Amino acid sequence: MSRIKASGLIIFKGIKIYQFASLANFTTWRIGGTAEWFAEPINIKEFKHLIAWASSHKIEYQIIGFGSNLLISDNGLKGLIICLRKLTGCIIDKNSGLIDVLAGENLPGLSRKAAQYGLNGLQWAVGIPGSVGGASVMNAGAQGGSIAEWIKSVEVFSCNNGESFLIEEKDLKYSYRDSRLQHEKLIVLSAKFELKPGHDIKKLINETNLNLHKRTSTQPYQLPSCGSVFR
């Protein structure tokens with residue numbers, strides 16, 4: 001059963017676009033008003049169709065992922081909200097350590113997959129409830145690790161000219177919880193990671209599980225929140 005509660009629906013090129021859809025189920029706070037329009041593309045082609053639809057109707061658009069650091073007003077959001085959490089899929093090369101992954105891929109899930117292939121580098125990420133796209137934008141990190149250490153490049157969509165292109169790690173300008181991606185009108189579509197291959201799978205899985213245990217045993221992981229909140 002769909003968890004999307006909306007008052008209307010249209011179909012554009014086979015994509016469901018909901019009208020006045022509740023956003024409460026799309027943030028970890030579990031609160032928030034409605035989106036004037038809402039859609040979840042399952043591939044990059046659908047994403048670009050949605051951008052074209054919004055542009056042709058002169059509708060502004062915004063992007064959300066897992067909503068784990070997002071507080072949405074009860075008044076709701078105007079325009080088209082594109083949620084990328086269904087934009088998933090990854091290709092893992094266990095010999096080279098390279099991983100090509102779409103922006104909506106679950107970061108904890110990717111951490112586990114990497115460990116199962118004997119790839120060292122993402123064990124710290126298992127406790128971060130976010131997407132690869134969001135993590136790449138903010139240089140997410142935990143327990144001494146961060147995205148900047150392992151990312152090789154990202155594919156982005158420019159909101160200015162509608163073009164897609166690659167940005168290498170050296171040009172992402174990563175710093176603590178910051179990157180170039182936060183300061184330009186760019187949307188992450190996919191990322192490439194370069195991990196260290198050939199490690200003991202059982203040890204990596206054990207380390208990953210221990211990291212998750214530390215997270216869940218010291219924080220109310222299953223309760224509505226957006227992570228660390230400072231007053």
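Lys 58 sits in the loop that joins helix 1 (44-56) to strand 4 (61-64), in what is a predicted model. The phi angle of Lys 58 is near 55°, which is a positive value in a residue other than glycine.

- Lys 58 counts as exposed, because its relative accessibility is 77%, and exposed means over 50%.
- Lys 173 is placed in the loop between strand 11 (164-168) and strand 12 (186-194), and its phi, near 55°, is likewise positive in a residue other than glycine.
- With a relative accessibility of 62%, Lys 173 also counts as exposed.

**Leu 80, a buried residue in a strand**

- Leu 80 belongs to strand 5, which is made up of residues 77-83, and it is buried, because its relative accessible area is 0% and buried means under 20%.
- When residues up to four places away in sequence are not counted, Leu 80 still touches a list of others, including Ile 17, Trp 37, Phe 38, Leu 50, Trp 53 and Tyr 61.
- Leu 80 and Ile 151 are separated by 71 residues in sequence, and their C-alpha atoms lie 30 Å apart in space.

**Asn 211, a buried residue in a helix**

- Asn 211 is part of helix 4 (residues 201-218), and with a relative accessible area of 10% it is buried.
- The side chain of Asn 211 reaches the backbone oxygen of Gln 123 at 3.1 Å.
- Leaving aside neighbours within four places in sequence, Asn 211 is in contact with Gln 123, Trp 124, Val 126 and Gln 143.

**Helix 2 and its buried side**

- In helix 2 (residues 107-116), the buried residues are Leu 107, Pro 108, Leu 110, Ser 111, Ala 114 and Ala 115. They cover an arc of only 160° around the axis, and therefore they lie on the same side of helix 2.
- An α-helix has 3.6 residues a turn, so residues three or four places apart point the same way.
- The buried residues of helix 2 pack against several elements, namely strand 6 (90-92), strand 7 (98-102), helix 3 (132-138), strand 12 and helix 4.
- At the start of helix 2, a side-chain oxygen of Asn 106 comes to within 2.9 Å of the backbone nitrogen of Gly 109, while just after helix 2 Gly 118 takes a positive phi of about 75°.

Notes: Residues are numbered from 1 along each chain as its sequence is written. This is a predicted model: local features need pLDDT of at least 70, side-chain atom pairs count only at pLDDT 80 or more; totals for chains, interfaces and linings use all residues. Side-chain values use heavy atoms; hydrogens and water are left out. Helices (H or I, at least four residues) and strands (E, at least two) are DSSP runs, numbered from the N terminus. Buried means under 20% relative accessible area, exposed over 50%, partly exposed in between (1.4 Å probe, protein chains only). Contact means heavy atoms within 4.5 Å. A polar contact is a pair of N or O atoms within 3.5 Å; within protein, one must be able to donate a hydrogen and the other to accept it, and residues adjacent in sequence count only if both atoms are side-chain atoms. The arc is that of the directions from the helix axis to the C-beta atoms.
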